[in-house]
Structure formats: structure tokens, C-alpha cells
Amino acid sequence: MNLLIKSATISDPGSPFYQQVADVLIEKGHITKIGQNIDADADTFEAEGKYLSPGFFDLNCNIGELGLETKEDLRTGTRAAAAGGFTGVALMPNTQPPVHSKAEIEYLMNRAKNNLVDVYPLGAISYKREGKDMAEMYDMYQSGAKAFTDGNRPVQDAGLMERALLYAQGFGALILSYPEDTAIAGKAKVHEGVVSTLLGMKGIPSLAEELMIARDLYLAEYTGSRIHFSTISTERSVELIREAKKKGLQVTCDVAVHHLVLTDEALLGFDSLYKVKPPLRTQKDVNALHAGLKDGTIDAIVSQHTPHEVEFKNVEFEVAEYGMVALQTAFSIALKAKLPVDMIVKKMAVNPRKILNVEIPVIAEGQKANVVLFDKDAEWEYLKITNWSKSYNSPFIGQKLKGSILLTYNNNKLFKA
């Protein structure tokens, strides 16, 4: 289809039209002309005061397919992604069965063909995500997996992590580490601090995350490998990664968008919708995460989209599952965190693709059209009826949010709000 976007502000640091107001003509999936007062036989969208950027890319997305389709399937998950401005998602292997062989990788890639949203399944580091034996990483890589992680299960065995880093290095793949020492975290459900004491609940010390980051940084340095840390959440974690980058280690990291706006004080009402992993931390940690984004220590922002059926969340806090749906709201929550548009584009569209070694879209003539148009000032109401995900476990449902996704375009397909 052909599309003419009129008078949009180009927010793409790689574009020759960066920060300029221009018309953008898209024909048959490619940008054919950028300029002023373009007239063409195409669907026209007036975009004065709106921003056009490369489509967002999520490095941490959980979709139930395979085996957990009652939570989310590829159709509903990619629909929610498009509604949130995402044109690419990396799928965590937290499924049943886990994504631990080329069969699962190939199934997911075939299922995701001809979709507006580009889907990149991540393979498991260990067989069945059990943390014992290494999975068939090279076979998965040849079938399309670009990175490997055990998802929401941290690799406790240092020897296994060392072997995985060395092995992946041989064919240029990336290892993602979810940093938590389970021996220290134990069965606690919330951050260890004043709030956990008030709630009368056992807490997860920040040390559980920081100790694992320190371990894996040593392993990455020893093996000379790249490593990426998923969803860091504490002040000391930011400091450790900042120091490692200064030493020249090949380390990157991301933060879940909800950790930029919520603290553990949200748990005072025992609302299980705020139960996430890593747990919500203190305001001091939130401030450190913001500083890490600003100075480049934290490379990317992720949604950590984790859908659950109502019976897994609308229960006592102690037994409720972790996570919230976030693809559709990630952009609005980033704005709620008072992040500037340029930073959001860098951390949600450009850097995630750099980390995963995926081609970065550029808003330039002759390039494939992979864009999102948004209004940073427009308000919208997030309700169950406006929610595109199959699940609705989000504490933001019922709220008015600022930052509206107007259209998402990729692979010659259009999603329009």
C-alpha cells in the first residue's frame, strides 16, 4: 500500500532529515521521497506536530506460543506490539516446551512470516532451561536465533555460563544474562527494605542481582566475550556495568520500562499487578537507572511484556505470578518517566537492534519503510476494551496515559490506531 505522511518531525539520528519537518512518501513498502509539499496518489496522514521514527524494537518479550497460548499467541502478541509502535520483538524462550532446539526456532519463525512485526526467537542456553546441559545453540543459530538466554531463569552454574560464552563466541552469537543469585534471593517475592518490613514479607536483597552481575562480568572478561544483562534494577548494578564499560568490556544492558516509574511503595496495597521480577526497588535505585540511561551505561529500554490469565494474577500476592503486559504501554510509560523523545528513540528503536545485530531502519529515500508515527502530547485511555493483548494484567489499565501511537508501518503493512 502507498502512504503519504505530511509534515512529520523526523526523529531518526541516522536520517539525513533528522529533526527536520518533512513529508514522507511510502510506496510498495519503501520510502520513495522525502521533502516538502509532496503530492501523490496515496493514503494521506496529516502529521503536523507529530514525530516519525524507526519502529521500536523490544529485546524482552514473552509470548505464550509454544504451549501457553491462553496467555498470548503470536497473533495477539504482535498485534499488541504494533499498537505500541513496535515493529520488532525478541521472544524469550519461556514457553512449554522451551525454545531449546532448532525445531522450536523454525516453528516460531515460520509462524511469524508475513507479519507487520519482525519476530526474533531467542534460544535457550541450557536444555529445557534447567541450567545443567548446554542446549543445541549452534543449530538454533543456523535456524535464525541471534542470541541465547534462559529467560527468567538465571544460569546458576558458573561453569555452564563460561562454556556458553566461549561457545557462542565461535559463531558470533550473543549471550543474555538474567542476573539473580537464587541462593540469596530464595523464595522471597519483593525487594528487601523498609517496604518489605512493613508488609511483613521476606525480601530479595539487591545483592542477589549484583553478585550475579559481578560474576558474569568476570566471566565475560576472562573469555573475551560479549554479554548482555537483561532488566537490571539496582543502583550498584548500574555502577558495576559502568565500571566494566570503562575497562573496555563488551557489555550491554537493558532496563524494564516499569522500573523507571514505579517503586516498591506501590506494593503497600498488596496489589499483585505490581508483582514483577526483578522486584520493584527504591526511589534511589530508580534515580540511578535514570542516570545510567542518561550517561549511556544502560543501552536499551524493554517492555518485559509478560501476559498471564486472570486466575494467575487475581489471587493472593504470595502465590500470584510475576509480570505485566507492557507492549502497548511501553512508550507512554517511558514518557511518564519524563524521558525525552530522542532518548526514547535511541533506547527503544536504535540500540536494541544494535545489540542483537539486526539491521537498523533509516528514514531516507530508497530505504525500506519501517516506521512509527506518534504524538507525545496526546492522551489516551488504557482500558480492557482498548487493550490489544489477550491478557490484561497491567496496573495501568483504567488510567489516562500520555503519548499516543498513531500508526505503525513495516513489511508493507499498516497498523493504524
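Reader: Where does T329 lie?

Author: T329 lies in the loop between α10 (310–313) and α11 (330–336). A word on the source comes before the details. This is a predicted model, in which local features need pLDDT of at least 70 and side-chain atom pairs count only at pLDDT 80 or more, while totals for chains, interfaces and linings use all residues. Numbering starts from 1 along each chain as its sequence is written, and side-chain values use heavy atoms, with hydrogens and water left out. Helices (H or I, at least four residues) and strands (E, at least two) are DSSP runs, numbered from the N terminus.

T329 is buried, with a relative accessible area of 2%. Buried means under 20% relative accessible area, exposed means over 50%, and partly exposed is in between (1.4 Å probe, protein chains only). Leaving aside neighbours within four places in sequence, T329 is in contact with W380, Y382 and L401. Contact here means heavy atoms within 4.5 Å.

Now step along the chain to L339. Neighbours within four places in sequence are again left aside; L339 then contacts L260, H290, L293, I301, A334 and I344. L339 also belongs to the largest nonpolar core, which has 89 residues. Such a core is a set of buried Ala, Val, Leu, Ile, Met, Phe, Trp, Tyr and Cys residues joined through side-chain atoms within 4.5 Å. F56, F148, I175, F229, I232 and L339 touch the most other members. Helix α12 (residues 341–356) gives the most to this core: seven residues. There is a second, separate core of 19 residues, and I26, I31, V371 and L406 are among them.

Next, the helix packing. Helix α7 (residues 206–223) packs on helix α8 (residues 235–247) at an angle of about 15°, with axes 9 Å apart. That angle makes α7 roughly parallel to α8. Axes are lines fitted to C-alpha atoms, for helices over the stretch in contact, and angles run from 0 to 180 degrees between N-to-C directions. Under 35 degrees counts as roughly parallel, over 145 as roughly antiparallel, 65 to 115 as roughly perpendicular, and the rest as oblique. The crossing of α7 past α8 is right-handed. A crossing is right-handed if the near helix is turned clockwise from the far one by less than a right angle, and left-handed if anticlockwise.

On the α7 side, E209, E210, I213, A214, L217 and E221 take part. They meet R236, S237, L240, I241, A244 and K247 in α8. By class, this contact has six nonpolar, one polar and five charged residues. Ala, Val, Leu, Ile, Met, Phe, Trp, Tyr, Cys and Pro count as nonpolar, Asp, Glu, Lys and Arg as charged, and the others, Gly among them, as polar.

α8 has another partner. α8 and helix α9 (residues 283–295) pack at an angle of about 25°, with axes 8 Å apart. The two helices are therefore roughly parallel to each other. From α8 come E235, V238 and R242. From α9 come K284, D285, A288, L289, A291, G292 and D295. The contact divides into four nonpolar, one polar and five charged residues.

Most residues other than glycine have a negative phi, and most peptide bonds are trans. T231 has a positive phi of about 50° although it is not a glycine. This residue lies in the loop between β13 (227–229) and α8. T231 counts as buried, at 1% relative accessibility. A cis peptide bond joins K277 and P278, with omega about 0°. P278 sits in the loop between β14 (251–256) and α9.

Beyond four places in sequence, I204 is in contact with E180, A185, A188, K189, V190, H191, E192, K277, P279 and R281. I204 is placed in strand β12 (residues 203–204). At 1% relative accessibility, I204 is buried. From I204 to G193 the C-alpha distance is 8.7 Å, across 11 residues in sequence.

Two backbone details remain elsewhere. The peptide bond from Q96 to P97 is cis, with omega near 5°; P97 is in the loop between β7 (86–91) and α2 (102–111). Q19, a residue other than glycine, has a positive phi near 65°. Q19 is in the loop between β1 (3–10) and β2 (21–27).
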